[in-house]
Amino acid sequence: MIGDIHIHSKYSPDSRSEPELIEKYAIQKGMDFIAISDHNTFRKHDLKIKTIPAEEVSSLDGHILAIFINNEIPKGLSQEETVEKIHDAGGIAIAAHPLRYVNGLRKEFRDIYDAIEIKSGRCSESCNKRTEAMAEKLKRPGTAGSDAHFYYEVGRVWMEIDGNDVEDIRKAILSKKTKVSGKDLSFTDQISLYWKFVSEYAGRGFKRI
């Protein structure tokens, strides 16, 4: 199975994508499963495609991807507290784009995660390669996700696992049996992305998500 486990819908403040449109495009792209991981909000989506319950949590130190959770994880906590809350909710804690300049964990990164997002659709090739090297050094499983904020970005990056159901995805991640693929962010796309970040940041009154 292949899937994209880092997607934002209209329930994130920086996306307008309808969950049903995300589903439609994911199926068109050949995805077998997805995770709609909105910023600091948790919703269960009634979709036909296999859907992992998820949230992207804003910790004090950067963004953390929470998948397989059964309740919303509060924002504004330390990395350690956030990971603990994710585990209490039955989830897996993934360091989201940890080396990205915007909203990455960077120097504050802690060795406390179940997995590390080593292939992000909104990171450059060099950033993704450095992240993959870090995961290997820390002996952590690697995951992949597009970090799509527009429906047409879904499936830009994907993860491949053996199995047939959602629980197989959990097992594959934790046992390091994942294969990541997809398109890194080009230099031109990086400029567009960071312009978008700055514009939205100003539009929110310089408040971080």
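I take helices (H or I, at least four residues) and strands (E, at least two) as DSSP runs, numbered from the N terminus. With that, I placed Lys176 in the loop between α4 (166-174) and β9 (179-182).

I noted that this is a predicted model, where local features need pLDDT of at least 70, side-chain atom pairs count only at pLDDT 80 or more, and totals for chains, interfaces and linings use all residues. Residues are numbered from 1 along each chain as its sequence is written, and side-chain values use heavy atoms, with hydrogens and water left out.

**Overall layout**

I counted 5 helices and 9 strands in the protein. From the N terminus, I read the order of elements as β-α-β-β-β-α-β-β-α-β-β-α-β-α. I looked up burial next: buried means under 20% relative accessible area, exposed over 50%, partly exposed in between (1.4 Å probe, protein chains only). Buried residues make up 54% of the 209 residues. For contacts I used heavy atoms within 4.5 Å. Among contacts between residues at least 6 apart in sequence, 58% join residues at least 24 apart.

**Positive phi**

I checked Lys176 again. Its phi is near 60 degrees, a positive value in a residue other than glycine. Lys176 is partly exposed, with a relative accessible area of 47%. I found another case at Asn40, with a positive phi of about 55 degrees. Asn40 is in the loop between β2 (33-36) and β3 (50-59). Asn40 counts as buried, at 15% relative accessibility.

**Helix α4**

A side-chain oxygen of Asp165 reaches to within 3.2 Å of the backbone nitrogen of Glu167. Within α4, I listed Asp168, Ile169, Arg170, Ala172 and Ile173 as buried. An α-helix has 3.6 residues a turn, so residues three or four places apart point the same way.

I then looked for charges over rings (NZ of Lys or CZ of Arg within 6 Å of the ring centre and within 35 degrees of the ring normal). The charged end of Arg170 sits over the ring of Phe68, 4.6 Å from its centre. Arg43 lies over the face of Tyr11, at 3.8 Å from the ring centre.

**Strand β8**

I count two strands as paired if DSSP finds at least two bridges between them. β8 (residues 157-160) and β9 pair in the antiparallel sense over 4 bridges. Here Val157 stands opposite Gly182. β1 (residues 2-7) and β8 also run antiparallel, joined by 2 bridges. Gly3 stands opposite Met159. I asked which face of β8 is covered. The covered face holds Val157 and Met159, the uncovered one Trp158 and Glu160.

**Aromatic pairs**

I searched for pairs of Phe, Tyr and Trp rings (Trp by its six-membered ring) with centres within 6.5 Å; planes under 30 degrees apart count as stacked, over 60 as edge-to-face and the rest as tilted. The whole structure gives 3 aromatic pairs. Tyr25 and Tyr151 form an edge-to-face pair, 5.5 Å centre to centre with 85 degrees between the planes. Tyr25 lies in helix α1 (residues 19-28) and Tyr151 in the loop between β7 (142-145) and β8, so the pair ties together parts that are 126 residues apart in sequence. Tyr151 and Tyr152 are also edge-to-face, 5.5 Å centre to centre, at 80 degrees. I noted one aromatic cluster of Tyr25, Phe150, Tyr151 and Tyr152.

Note on methods:
Polar contact = N/O pair within 3.5 Å; in protein donor to acceptor, adjacent residues only side chain to side chain.
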